[in-house]
Amino acid sequence: MIASLRGTVLSVGLTSAVIETGGVGMSIQATPTTLSGLRVGEETLVHTEMVVREDSLTLFGFADTDERDSFRTLMSAKGVGAKLALAMLAVHTPNALRRAIASQDVAALTRVPGLGPKGAQRVILDVADKLGPVTGDDLGAAQTVAQSAQGVEARSDGGPEPHADVVAALVQLGWNEASAHQAVSSVTADAADGGQEPDMAAVLRASLRWLGGGHRG
């Protein structure tokens, strides 16, 4: 098993990155949070999990062991595969997931694309306290996400066109195309009103916050 990867970042995309180690470029799938900390040309260390399927070998990378271990635990729940586990960590931090599961907050969990009420209840039952107690200093993370989402309203008045690559990344994470377009249109319009020109990674993170706040297309 490949437990970690140290090397030079060759490229960073919206859902993946390539890290060169020992002359070999290793492709990893990762959350926007992890990818936002990578810089092309710089050395980095990511903690990894290899997922083996009959037709594929996929390496997932994480900024820290907490995120990686949470990924492993989430995949132990019935019906949760690697794609859904990664989507859960794209929408919620490990601590936010701990709080949602501990409080049996089905509504918070169903903000993840592809996870309905029955699936959320199954995750709560199967994972229970396996994620451990809340750690660190992000107890207000859920409120921060909700407040960020509330500050963005949908726009359909001829504002900036959505970033097609960001929309594609959101669809890959599990949202339907209509919701992805609405999220990207909303956050780019809001940024334009503020005189900002966010890069693709920033648009993706803002779109995830918008969708994580309960907005749907």
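A: Begin with strands β4 (residues 43–53) and β5 (residues 56–62), which pair in the antiparallel sense over seven bridges. Strands count as paired if DSSP finds at least two bridges between them. Strands (E, at least two residues) and helices (H or I, at least four) are DSSP runs, numbered from the N terminus. This is a predicted model: local features need pLDDT of at least 70, side-chain atom pairs count only at pLDDT 80 or more, and totals for chains, interfaces and linings use all residues. Residues are numbered from 1 along each chain as its sequence is written, and side-chain values use heavy atoms, leaving out hydrogens and water.

Q: In β5, what is the bridge partner of H47?

A: The partner of H47 is F62. Two residues make the hairpin link from β4 to β5.

Q: How many bridges join strand β1 to β4?

A: Five bridges join β1 (residues 4–12) to β4, and the two run antiparallel. One place to look is R6, whose bridge partner in β4 is L45.

Q: Is T48 buried or exposed?

A: Buried means under 20% relative accessible area, exposed over 50%, and partly exposed in between (1.4 Å probe, protein chains only). T48 has a relative accessible area of 0%, so T48 is buried. T48 is found in strand β4. Contact means heavy atoms within 4.5 Å. Leaving aside neighbours within four places in sequence, T48 touches residues including I2, L5, L59, F60, R68 and R72. A polar atom of the T48 side chain also lies 2.5 Å from the backbone oxygen of I2.

Q: Which residues have the most contacts inside the largest nonpolar core?

A: A nonpolar core is a set of buried Ala, Val, Leu, Ile, Met, Phe, Trp, Tyr and Cys residues joined through side-chain atoms within 4.5 Å. The largest here has 45 residues, and F71, M88, L109, L115, V123 and L170 have the most contacts inside it. Helix α3 (residues 82–91) supplies the largest share of this core, nine residues. A second, separate core of ten residues includes V9, A30, L35 and L59.

Q: What does L115 touch?

A: Neighbours within four places in sequence aside, L115 is in contact with L84, M88, L109, T110, A120 and V123.

Q: How do helices α2 and α4 cross?

A: Axes are lines fitted to C-alpha atoms, for helices over the stretch in contact, and angles run from 0 to 180 degrees between N-to-C directions. The axes of α2 (residues 65–75) and α4 (residues 94–102) come within 10 Å and cross at roughly 40°. That makes α2 oblique to α4. Under 35 degrees counts as roughly parallel, over 145 as roughly antiparallel, 65 to 115 as roughly perpendicular, and the rest as oblique. D66, E67, S70 and L74 of α2 meet P94, L97 and R98 of α4.

Q: Why is α4 described as largely enclosed by the rest of the structure?

A: Seven of its nine residues are buried, so α4 is largely enclosed. Among them are P94, N95 and I101. The buried residues of α4 pack against α2, α3, α5 (106–109) and α6 (117–127). After α4 comes Q104, with a positive phi near 55°.

How values were computed. A polar contact is a pair of N or O atoms within 3.5 Å; within protein, one must be able to donate a hydrogen and the other to accept it, and residues adjacent in sequence count only if both atoms are side-chain atoms.
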